[in-house]
Amino acid sequence: MKQNSTKLDSIADRWGRDPTALLQILREAQEIEGWLPPLTLSHLARLLGLPRARVEGVAGFYSFLHLERAGRYRVLFSDNITDRMAGNLALLDRFCESLWLEQGKASEDGLVLADTTSCTGMCDQGPAILVNGWAVPRMTRDRIDEIVELIRSRTVVEDWPSELFRIEDNIHRSDIVLGSSLEPGEAIRAAITPTLRDGQTADSDSAPRAMLEAIKHSNLRGRGGAGYSAGFKWEACRRAPGEMRYVVCNADEGEPGTFKDRVLLTRHADLLFEGMTVCAYVTGARKGFLYLRGEYRHLLSPLEDVLARRRAAGLLGGQICGHPGFGFDIEIHLGAGAYVCGEESALIESLEGKRGVPRNRPPYPVTHGYLQQPTTVNNVETFCAAALIALRGGEWYRNIGTAMSAGTKILSVSGDCARPGIYEYPFGVEVGQVLEDCGAERTQAVQISGPSGTCIDSTEFGRRIAFEDLPTAGAFMVFDETRDIFEVARNFTHFFAHESCGFCTPCRVGTTLLRNIMDKIHRGKGSQYELNQIFRLSQLLESASHCGLGSTACNPLLDTIKRFRPTYERRLESLEYEPAFDLDGALERARTIAGRAESGEHSGADS
Ligand code: SF4
């Protein structure tokens with residue numbers, strides 16, 4: 001333990017023994033033994049001056065942190081519906097059989113653990129797995145066998161062939177964001193020199209305000225799905241009283257089927273950091289955070305390199321671009337497998353080193369965000385667009401897309417199509433156009449914006465991707481005529497039940513009940529009663545859940561029952577009530593032994 005204590009001390013020291021870095025410290029501490037033993041938690045609690053219960057509570061919240069021995073190799077199979085369609089479960093079986101494993105349990109020799117995890121953001125190249133947090137896409141039987149051999153030979157993951165970890169960008173259509181090629185610093189210089197923009201002649205004192213007006217004029221709306229005006233958000237943060245202001249980039253794209261941020265972070269990190277810096281200039285923030293989802297751990301080091309390069313070039317740190325009084329820097333925090341942290345107040349809690357439980361709102365993060373100070377939270381795509389607006393002006397931007405949805409939208413296209421990957425379109429593009437471009441044929445349904453979004457059928461492919469019709473955070477999952485839409489919806493109920501943070505009862509219990517109902521129907525034991533239960537639960541979840549996860553958990557069921565009802569009804573054993581407990585079945589053996597009576601007698605039906 002002494003050796004481990006020294007390592008823990010140095011991890012905590014590197015994070016300044018700051019309790020707000022608890023999640024980052026736990027994540028790094030887990031690297032030592034592959035899990036977080038009780039002594040490690042106690043030691044960290046002492047180092048950070050925190051109650052031990054708080055440290056254990058945080059560690060227990062995140063699915064990528066292990067409080068029990070988890071194995072030297074932790075292999076998690078991505079279990080989005082697109083991974084299922086590509087055969088992930090057969091590969092998981094093969095892996096477990098090869099290594100004599102039981103799913104979800106570490107092997108007795110402490111070598112390996114295999115389990116499933118929610119979508120890993122590799123849907124364009126699935127099925128994918130995570131090995132000790134590192135993504136391995138394009139899994140096949142051959143790759144499973146190769147990995148089994150690497151584990152048997154105890155080869156450390158750092159020495160595995162790099163080809164296993166190669167991730168494609170798969171960009172098939174670019175527009176203003178993916179096609180941009182601005183020089184580092186160009187957008188920031190434009191922001192602090194407003195005469196270059198929209199013909200404005202403001203002096204340097206009013207430059208941040210002029211930049212804000214350009215963002216408002218552009219009609220830029222947040223790309224996380226809700227579509228709140230970025231300009232109004234920035235303005236509210238700028239005006240809110242506070243000693244410090246913060247800029248937070250939400251790169252926790254956990255919505256199943258979404259992976260566009262992965263590509264933006266790989267290809268356009270400068271554009272993102274430029275947009276965050278422009279936001280800091282407008283709002284007066286001096287510190288920013290990039291909250292990167294744990295599944296994108298492979299991007300951490302390259303992104304740190306970009307930040308270091310920008311600091312060296314005077315684009316971060318004190319006096320950015322030589323501008324007196326304009327200091328700003330960015331820190332990257334890595335998530336640890338909690339979908340709910342995509343909700344902005346939960347993300348802030350996580351950034352503060354706590355469990356990622358959504359806060360009560362109001363107050364909103366723009367006035368009471370990180371450490372209760374004014375905080376602007378936007379996602380990756382929004383900040384990238386803001387950088388372009390700084391350079392080319394709000395008028396230019398608002399003329400792209402539709403009147404209510406300015407600019408472009410980047411779609412993560414996956415499922416049954418010839419060319420899955422990334423597509424950027426001006427807002428207003430028809431679903432049918434996207435299907436044609438990605439080579440989809442005989443499509444029966446498209447799931448727009450992930451499980452919490454909208455499922456549409458082939459009569460609706462003339463609908464448009466836009467806030468006024470089909471808003472989306474980016475996911476665009478395609479299902480052809482061979483797919484069973486009931487199974488798609490069932491997969492989504494498992495996702496919500498798994499990701500519910502458990503804070504509020506309607507969601508914690510409701511999502512589990514929904515999953516159980518769908519499993520019962522799947523087993524052919526459902527009836528009209530179960531369908532009615534789904535509608536009752538949807539009212540409860542929608543009205544009583546604390547955050548969007550619970551309130552949208554029924555969306556995929558309501559959409560698919562409405563559009564694909566026969567796929568439910570043909571599974572129903574009876575359209576009448578069917579009890580959850582099969583009493584006849586349970587008593588059958590006893591009847592046989594006693595040589596008594598007919599089945600159903602207990603009900604008294606014939607008396
Ligand atoms: S709705 Fe679900 S995810 Fe949201 S706070 Fe409640 S339990 Fe947590």
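I began with confidence: the protein averages a pLDDT of 93, and 94% of the residues score at least 70 (pLDDT is the predictor's confidence in each residue, from 0 to 100). I then looked up residues 196–203, where the pLDDT is below 50 and the model has 22 contacts beyond near neighbours in sequence (contact means heavy atoms within 4.5 Å). Residues 603–607 also stay under 50, with one contact beyond four places in sequence. I remind myself that where pLDDT is low, the predicted coordinates should not be read in detail.

Ground rules for these pages: this is a predicted model, with local features needing pLDDT of at least 70 and side-chain atom pairs counting only at pLDDT 80 or more, while totals for chains, interfaces and linings use all residues. Residues are numbered from 1 along each chain as its sequence is written, and side-chain values use heavy atoms, leaving out hydrogens and water.

**The four-stranded sheet**

I traced an open sheet in the order β2-β1-β3-β4, with mixed pairing. Helices (H or I, at least four residues) and strands (E, at least two) are DSSP runs, numbered from the N terminus, and two strands pair if DSSP finds at least two bridges between them. β2 (112–117) and β4 (134–136) are the edge strands, each with a single partner, so one side of each has no neighbour in the sheet. The twist averages 25° from one strand to the next; axes are lines fitted to C-alpha atoms, for helices over the stretch in contact, and angles run from 0 to 180 degrees between N-to-C directions.

Inside this sheet, I found three bridges pairing β1 (residues 73–78) with β3 (residues 129–131) in the antiparallel sense. Leucine 76 stands opposite leucine 130 in β3. Helix α6 (residues 88–98) packs on the sheet, touching β1 and β2, at about 160° to the direction of β1. Helix α7 (residues 141–152) packs on the sheet too, touching β1, β2, β3 and β4, and its direction makes about 165° with that of β1.

**The six-stranded sheet**

Next I followed an open, mixed sheet in the order β5-β11-β10-β14-β12-β13. β5 (171–173) and β13 (454–457) each have a single partner strand, so one side of each is left without a neighbour in the sheet. Here the twist averages 25° from one strand to the next. Four bridges join β12 (residues 443–448) to β13 in antiparallel fashion, and isoleucine 448 has threonine 454 in β13 as its bridge partner.
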